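Have a look at the model along with me.

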Amino acid sequence: MANKRALITGASSGIGASFARHAAAQGCDVALVARRNDVLAVLAGEIEKAHGVRASVISADLCSPEAIDGVLDQAGPVDILINNAGYSIPPLFEKTQWSAQRAFLEITVMTPARLAHGVLPGMLARGYGRIINVASAAAFSSGAAGHTLYPGGKSFLVKFSQSLSAEVKARGVFVSALSPGFVQTGFHAANGTQAQMAQAPRHFWQSPEQVVEEAWSRNAKGHEIIVPGLHNKIAIALLRHLPEAWTQGMVRAQAEKYRVDG
Ligand SMILES: NC(=O)c1ccc[n+]([C@@H]2O[C@H](COP(=O)([O-])OP(=O)(O)OC[C@H]3O[C@@H](n4cnc5c(N)ncnc54)[C@H](OP(=O)(O)O)[C@@H]3O)[C@@H](O)[C@H]2O)c1
């Protein structure tokens, strides 16, 4: 993958940092995006030393629509786009500020679509592109109280990935939605659900490296929906194929264990 360049959002932690290391280990130059400039700078230094590729840092708030053109300008030509930055808002919708929910929609829906739209012409012109939109197993749930926009936002990424794949796969641009279950990252500390998540059965958890390795190889084979881990594959297959009336009660009871009231 020498001479390929990967743009990775949310690269300062968790799944994004793992994508950055994995891309660099394959020989890609990487452009790392998040808000924490200092953390990104340390990771960029580590990556350059370990893999001999170029790693650049782009500090941006991806909830801010005004920032996105600047990210695209600084990134230059992109062969691999990992739309990964994200979080969730655990409390009930009524107990949150609209500004927070709006920012969530920006980072989950608008920013990934805008970045993909920005890098796509170059990918098509070169006849090569890889786009991974990091969704969630929650994209296939029937929703529950709390994390109100999360399943809808993540299912947008699944449908967007499928439609875009239908448009561009034959021209060498492979688009995937990655839908992990529980992954050991900073995600739960960031949204204050660490205590609840500690109750989740150990065998449900994956490391970011496991998730990224499967995502990278299956995206390269053109898979549109990537559900990493056997336990997640079984759970999502059941959710996708059983009538929702059968699964809804169980999904809601499980999901609501991870709500935090603000
Ligand atoms: N962990 C899980 O169990 C799990 C399961 C399914 C799906 N996911 C999805 O996986 C993706 C990555 O999450 P993670 O688990 O790796 O969590 P994480 O360790 O908390 O990483 C989240 C990343 O997003 C960045 N980010 C958050 N808000 C941002 C903003 N306003 N502007 C720019 N960057 C921002 C953070 O960087 P800064 O704070 O430096 O800005 C960080 O790099 C998310 O989309 C999440 O929904 C996670």
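**Ground rules.** I am working on a predicted model, where local features need pLDDT of at least 70, side-chain atom pairs count only at pLDDT 80 or more, and totals for chains, interfaces and linings use all residues. Residues are numbered from 1 along each chain as its sequence is written, and side-chain values use heavy atoms, with hydrogens and water left out.

**Terms.** I take helices (H or I, at least four residues) as DSSP runs, numbered from the N terminus. Axes are lines fitted to C-alpha atoms over the stretch in contact, with angles from 0 to 180 degrees between N-to-C directions.

**H1 and H2.** I looked up helix H1 (residues 14–25) against helix H2 (residues 37–51) and found an angle of about 25°, with the axes 10 Å apart. H1 passes H2 in a right-handed crossing, meaning that the near helix is turned clockwise from the far one by less than a right angle. For contacts (heavy atoms within 4.5 Å), I noted Ala 17, Ala 20, Arg 21, Ala 24 and Ala 25 in H1 meeting Leu 43, Glu 46, Ile 47 and His 51 in H2.

**H1 and H8.** Next I checked H1 against helix H8 (residues 208–220): the angle is about 55° and the axes lie 9 Å apart. That makes H1 and H8 oblique to each other. The crossing of H1 with H8 is right-handed. On the H1 side I listed Gly 14, Ile 15, Ser 18, Phe 19, His 22 and Ala 23, and on the H8 side Pro 208, Glu 209, Val 212, Glu 213, Ala 215 and Trp 216.

**H3 and H4.** Helix H3 (residues 65–75) and helix H4 (residues 98–126) pack at about 30°, with axes 10 Å apart, and are therefore roughly parallel. I logged a right-handed crossing for H3 and H4. Among the residues that meet here are Ile 68 and Leu 72 in H3 and Leu 115 and Val 119 in H4.

**Cysteines.** How many disulfides does the structure hold? I found zero, taking a disulfide as a pair of cysteine sulfur atoms within 2.5 Å. Cys 28 is buried, at 0% relative accessible area, and Cys 63 is buried at 17% (buried means under 20%, exposed over 50%, partly exposed in between, with a 1.4 Å probe and protein chains only).

Notes. Helices (H or I, at least four residues) and strands (E, at least two) are DSSP runs, numbered from the N terminus. Angles under 35 degrees count as roughly parallel, over 145 as roughly antiparallel, 65 to 115 as roughly perpendicular and the rest as oblique.
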